[in-house]
Amino acid sequence: MRARRPLRKGSITHSFVDQQISILHKAMAEKIVDNPSLVEQVKLTLEERLENGTLRYGAFLTWQCILEHVNDKDTFVAAVLEDSPLMKKYRRKTPFVGILSEEERQQALLSLETN
């Protein structure tokens with residue numbers, strides 16, 4: 001078994017992973033906007049992670065503030081997809097777990113391949 005090399009910032013692989021994560025977050029954000037009841041699931045995930053120490057308070061506040069805009073689709077989706085190093089980092093440990101079904105996840109990733 002070959003050892004995996006860590007991803008380097010700025011590498012093609014790192015960029016591709018960020019692109020996949022963004023595509024998935026776009027799909028998840030749109031689903032949350034269409035089903036605002038999913039916000040409670042996300043908030044529970046955030047609270048659990050904060051309590052067990054797997055989420056820092058700054059990330060918790062950022063996600064909480066983003067969730068405040070769920071009723072404004074454009075603002076919410078733009079905030080989730082913000083192209084900053086900090087949001088890229090936060091998306092890698094997303095609180096949106098379980099939002100997409102496997103079929104929805106595959107569909108979103110297929111859209112990346114066709115573009």
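These are my notebook entries on a predicted model of one protein chain.

**Ground rules.** I number residues from 1 along each chain as its sequence is written, and for side-chain values I use heavy atoms, with hydrogens and water left out.

**Whole chain.** I looked up the elements and found six helices and zero strands, running α-α-α-α-α-α from the N terminus on. Here helices (H or I, at least four residues) and strands (E, at least two) are DSSP runs, numbered from the N terminus. Of the 115 residues, 36% count as buried, where buried means under 20% relative accessible area, exposed over 50%, and partly exposed in between, with a 1.4 Å probe and protein chains only. I also looked up contacts (heavy atoms within 4.5 Å): among those with a separation of 6 or more, 68% join residues 24 or more positions apart.

**Helix H1.** I turned to Asp 18, which lies in helix H1 (residues 12–34) and is buried, with a relative accessible area of 13%. Not counting residues up to four places away in sequence, Asp 18 touches Lys 88 and Arg 92.

**Helix H3.** I listed the buried residues of H3 (residues 57–67) as Ala 59, Phe 60, Trp 63, Gln 64, Ile 66 and Leu 67. They cover an arc of only 160° around the axis, so they sit on the same side of H3; the arc is that of the directions from the helix axis to the C-beta atoms.

I then looked for aromatic pairs, in which rings of Phe, Tyr and Trp (its six-membered ring) have centres within 6.5 Å, with planes under 30 degrees apart counted as stacked, over 60 as edge-to-face and the rest as tilted. The count comes to two aromatic pairs. Tyr 57 and Phe 60 are stacked, because their ring centres are 6.0 Å apart and their planes stand at 20°. Both residues lie in H3, three residues apart, about one turn of the helix. Tyr 57 is exposed at 51% relative accessible area, whereas Phe 60 is buried at 11%.

**Helix H5.** Which residues of H5 are buried? I noted Met 87, Tyr 90 and Arg 91, and seen down the axis they fall within an arc of 100°, so they line one face of the helix. On the other side of H5, Pro 85 and Lys 89 are exposed.

**The largest pocket.** On a 1 Å grid over the protein atoms alone, a pocket is an open set of points where a 1.4 Å probe fits, with protein on both sides within 12 Å along at least five of seven lines, and lining residues have an atom within 4 Å of a point. The largest pocket has a volume of about 250 Å³, the volume being the space filled by probe spheres set on grid points joined across faces, edges and corners. Its lining includes Arg 49, Ala 59, Trp 63, Lys 89 and Tyr 90. The elements that give two or more residues to this lining are H3 and H5 (85–92), and H5 gives the most, with three residues.

**Pro 95.** Last, I looked up Pro 95 in the loop between H5 and helix H6 (102–114), which is buried at 1% relative accessible area. Leaving aside neighbours within four places in sequence, Pro 95 is in contact with Val 42, Thr 45, Leu 46, Arg 49 and Trp 63. The C-alpha atoms of Pro 95 and Lys 43, 52 residues apart along the chain, are separated by 8.0 Å.

Technical notes. Predicted model: local features only at pLDDT ≥ 70, side-chain atom pairs only at ≥ 80, totals over all residues.
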